[in-house]
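The points are grouped by topic.

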Amino acid sequence: MYIRAYTPTVHYLSPPVVYHEALAELWFDPKSTMNLITGLSTDEMPFINARIQGALIDFEDHVESTTHFSGWRKTRVRGQVGELPIASNHSLSMQWETGKAVVLDHYALHCNVANTSCYEARTVPVIFNVSSNTGYTSGGQNLTVYGHGFGQGNITATVDGVNCTVTQHQERSFSCEVAPRSAVSVDNVAQPGSHGLRRKDVRKSGWPAWSHLDEAGHSEHLSMHFEAPYSNGDKLGNVMSGFFVAPKTARYRFYMSCNDKCILKLAFDSTLPDQKTELLSNHHATGYRAYFGSHHYNLISQWVNLTEGEAYAIEGRHLEYNGADHFTVSVEIE
Ligand SMILES: [Ca+2]
């Protein structure tokens, strides 16, 4: 096979679904191109830029003129997503002095279960804050929602299942009027909501333990897929929790990889989110997204029967001592 030594390749964006100000990692291979790069000024990067559709990814805090990317292997760079129009399908690009990188769509392209919608990157609106967390059953309250991505309109808003009629919208906020509700909202019950998982980021000064993951007072983040940020530090842990909504009534099995240790739990009964069963437990460091080849590790679950539209509580727990770290969970539909 003929391989173009000076054509870098882009593998994928992780996560592929992003929102304004989200951090994302672009995985690529510079091939031999780094060998051609000399004499960069201090405000330059080894590559010229990377974009999601037309919009630049901001690498200012993550890449310097002296940053080295090893060739002929998959490497990555972390950046912040800028002001992007909301769209279900954006393309990725990465510009080098030698030209544009080739985007490898057998890695980069993601599709829905029906294979009717595919994308290299998808942008979604994000909510950062709402003007009130409480209201009245009589309705009529005017609510302002702050975030990004509301400029295009076409917004359907509900508050605890009740319609909220949008009265005005702009890029960073929209307002809506809450309809009456027949009863007071139920409190302290886990409820499947919008896309993504809650990621609790636990940092310790000493070696982390499983019990530390249940302590209060750690930062929380929205994760758009079941993967912790790659190479995120030492002496840390992650708890990733949310609901898996089965897209079809079928058998599913889950895959897990991590460095250093990880556990995956699933509630087989969608009405009992607190009763989770341990699906996978791995106490060995694996390669990044490396589910295969380590047959003595517990990385692939048994098949489980799940029902279309049901939301099953799922939770991943991860510990990192030092050195490399990563944590990924994937799913297969039979
Ligand atoms: Ca490690």
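Strand E21 (residues 236-245) is largely enclosed by the rest of the structure, because 7 of its 10 residues are buried. The model under discussion is predicted. In this model, E21 pairs in the antiparallel sense with strand E19 (residues 197-203) and with strand E26 (residues 311-320).

**Strand E21 and its partners**

- Strand E19 is joined to E21 by 6 bridges, and within this pairing arginine 198 stands opposite serine 241 of E21.
- The pairing of E21 with E26 extends over 10 bridges, with glycine 237 opposite leucine 319 of E26.
- Lysine 235 lies in the loop between strand E20 (219-223) and E21.
- The phi angle of lysine 235 is near 50°, a positive value in a residue other than glycine.
- Lysine 235 counts as partly exposed because 17 other C-beta atoms lie within 10 Å, a count that falls between the limits of 12 or fewer for exposed and 20 or more for buried.

**Overall architecture**

- The secondary structure comprises 1 helix and 27 strands.
- The protein is divided into domain 1 (9-123), domain 2 (126-178) and domain 3 (197-333).
- A distance of 33 Å separates the C-alpha centres of domain 1 and domain 2.
- For 334 residues, a compact globule would have a radius of gyration near 20 Å, and the value of 22 Å for the protein agrees with this.
- The C-alpha trace spans about 70 × 50 × 45 Å along its principal axes.
- Buried residues make up 28% of the 334 residues.
- Among contacts with a separation of 6 or more, 68% are between residues 24 or more positions apart.

**The five-stranded sheet**

- An open sheet of 5 strands has the order E14-E15-E18-E17-E16, with antiparallel pairing.
- Its edge strands are E14 and strand E16 (157-159), each of which pairs on one side only.
- On average, neighbouring strands of this sheet are turned by 40° against each other, direction ignored.
- Strand E14 (residues 126-130) and strand E15 (residues 142-148) are paired over 4 bridges in the antiparallel sense; here asparagine 129 has tyrosine 146 of E15 as its bridge partner.
- E15 also runs antiparallel to strand E18 (residues 173-178), to which 5 bridges join it; in this pairing leucine 143 has cysteine 176 of E18 as its bridge partner.

**The three-stranded sheet**

- A further open sheet consists of 3 strands in the order E25-E22-E27, and the pairing is antiparallel.
- Strand E25 (304-306) and strand E27 (326-333) stand at the edges with a single partner strand each, so one side of each is left without a neighbour in the sheet.
- Strand E22 (residues 250-259) and E27 run antiparallel and are joined by 8 bridges.
- Asparagine 259 has histidine 326 of E27 as its bridge partner.

**Peptide bonds and backbone angles**

- Most residues other than glycine have a negative phi, and most peptide bonds are trans.
- The peptide bond from asparagine 259 to aspartate 260 is cis, with omega near 15°; aspartate 260 is found in the loop between E22 and strand E23 (261-266).
- A cis peptide bond also links serine 14 to proline 15, with omega near 0°.
- Proline 15 is placed in the loop between strand E1 (9-14) and strand E2 (17-18).
- Tryptophan 72, although not a glycine, has a positive phi of about 65°.
- The loop between E5 and strand E6 (75-81) contains tryptophan 72.
- Tryptophan 72 is exposed, with 11 other C-beta atoms within 10 Å.

- Alanine 55 is located in strand E5 (residues 55-58).
- With 15 other C-beta atoms within 10 Å, alanine 55 is partly exposed.
- Apart from its neighbours within four places in sequence, alanine 55 is in contact with Gly82, Glu83 and Leu84.
- The C-alpha atoms of alanine 55 and leucine 92 are 9.7 Å apart in space, while the two residues are 37 residues apart in sequence.

Notes:
Residues numbered from 1 in each chain as written. Predicted model: local features only at pLDDT ≥ 70, side-chain atom pairs only at ≥ 80, totals over all residues. Pairing = 2+ DSSP bridges. Helix = DSSP H or I, 4+ residues; strand = E, 2+ residues; numbered from the N terminus. Domains from an automatic or database assignment. Axes fitted to C-alpha atoms, helices over the stretch in contact; angles between N-to-C directions. Contact = placed C-beta atoms within 7 Å. Rg over C-alpha atoms; globule rule 2.2 N^0.38 Å.
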